[in-house]
Amino acid sequence: MALPEGSPQPSTAVEQEREIDVSLPPEEGDFAGRDRLARNVLAGWAAYFVIGVVGFLSPRVMDRRLGQEAVGIWDFGWSLVTYLGLTAFGVGSSVNRYVAHHRAAGDKDGLSRVVSTATVLNVMSGAAALLITGIFVWLVPRMLRGDQLAHVNEARLVVLLLGCTIAVSLSLGTYPAVLAGCHRFDISNAISAGFEVGSSVTIVLILLTGGGLVAAASVCFVGSLIAESTRFYWAHQVCPELSVRWNRAEWAEMKRLFRFGIKTTIAVLSGLLLLQANKLLVGGSLGLAALAVFSRPLPPTRIVDNFGTRLANVLTPTASSLQRAGRHHELRQLVLDS
């Protein structure tokens, strides 16, 4: 990818990477994943539909079994820990772009360097998320009104467990991006949908048998750990040349990943400020029951936007592969077709 005028020149390692890219043969077959585009888009839509449907189950059962304030605590916890995703600085979107880039060139060395660097960054993001989770747990009593302090201990535990859930996803966030870079959104989406259904059904059973919010949050944590471990396994199956070595992480690669990923972070930040910040303000000023009422209409309103986003996400590694191969006419045609 060409650097803008006036940008710092790449390091020797990156220069060597470009020389290696030219010398190696490209991946055989449809390296751009165009034969999987329709399948990947449909898999993304199907998974989102399943996740959207099951997402209505647990809050409804939670409301009937535990009351509206319990739903408010649940929404409050998720709204708070959603901000932890910013610690990744969009590295995942960079990984799927550069995995496709290096695989199109048959550059195993570059692939290892990018994935190893991203793994180090993601582990650091997960550690930062745990630290910030501790701060959020400390702040919970200061964010709730006086008459809500009866729920403060439960809210703290929920925030802690949900924060750990996000930290697990961040720490292992390289592997869903590798699957995306290999044009296997179908596998990643199937894992997401499967574990979302499993977690939701388990939460509903726990609530129906007398369990509470802390048990439900524990299910989210365990489910995230299993789902991300499953992605780790499948990433190595789909990409057998994948090699992660801590000593392969490089500062030049970190800067390159950040330069690309920061664009995604800026886009996500606007949504966080618009939706999650409002939810926290409603919960803190009007009460947890009011937050539950405010939050319920929001998921359906995002359906159309998310369907469009899932189409766009599939195009990133395909465009990267075509760009790396110099197939600019096919890249322009991809834009028109999409």
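**Confidence, cores and surface**

In the protein chain, the mean pLDDT (the predictor's confidence in each residue, from 0 to 100) is lowest in helix α1 (residues 12–23), at 39, and highest in α10, at 95. Helices are DSSP runs of H or I with at least four residues, numbered from the N terminus. Over residues 1–29 the pLDDT is below 50, and this stretch has 40 contacts (heavy atoms within 4.5 Å) in the model beyond near neighbours in sequence. The chain average is 82, with 87% of the residues scoring at least 70.

This is a predicted model, in which local features need pLDDT of at least 70 and side-chain atom pairs count only at pLDDT 80 or more, while totals for chains, interfaces and linings use all residues. Residues are numbered from 1 along each chain as its sequence is written, and side-chain values use heavy atoms, with hydrogens and water left out.

A nonpolar core is a set of buried Ala, Val, Leu, Ile, Met, Phe, Trp, Tyr and Cys residues joined through side-chain atoms within 4.5 Å; buried means under 20% relative accessible area, exposed over 50% and partly exposed in between (1.4 Å probe, protein chains only). The largest such core has 39 residues, of which Trp74, Phe76 and Val140 touch the most other members. Elements giving two or more residues to this core include α3 (57–66), α4 (68–81) and α6 (108–143); its largest share, nine residues, comes from α7. Leaving aside residues up to four places away in sequence, Val140 touches Phe76, Leu80, Val152, Ala155, Arg156 and Val159. A second, separate core of 25 residues includes Val95, Val99, Ala177 and Leu257.

Val50 lies in helix α2 (residues 37–54) and counts as partly exposed because its relative accessibility is 30%.
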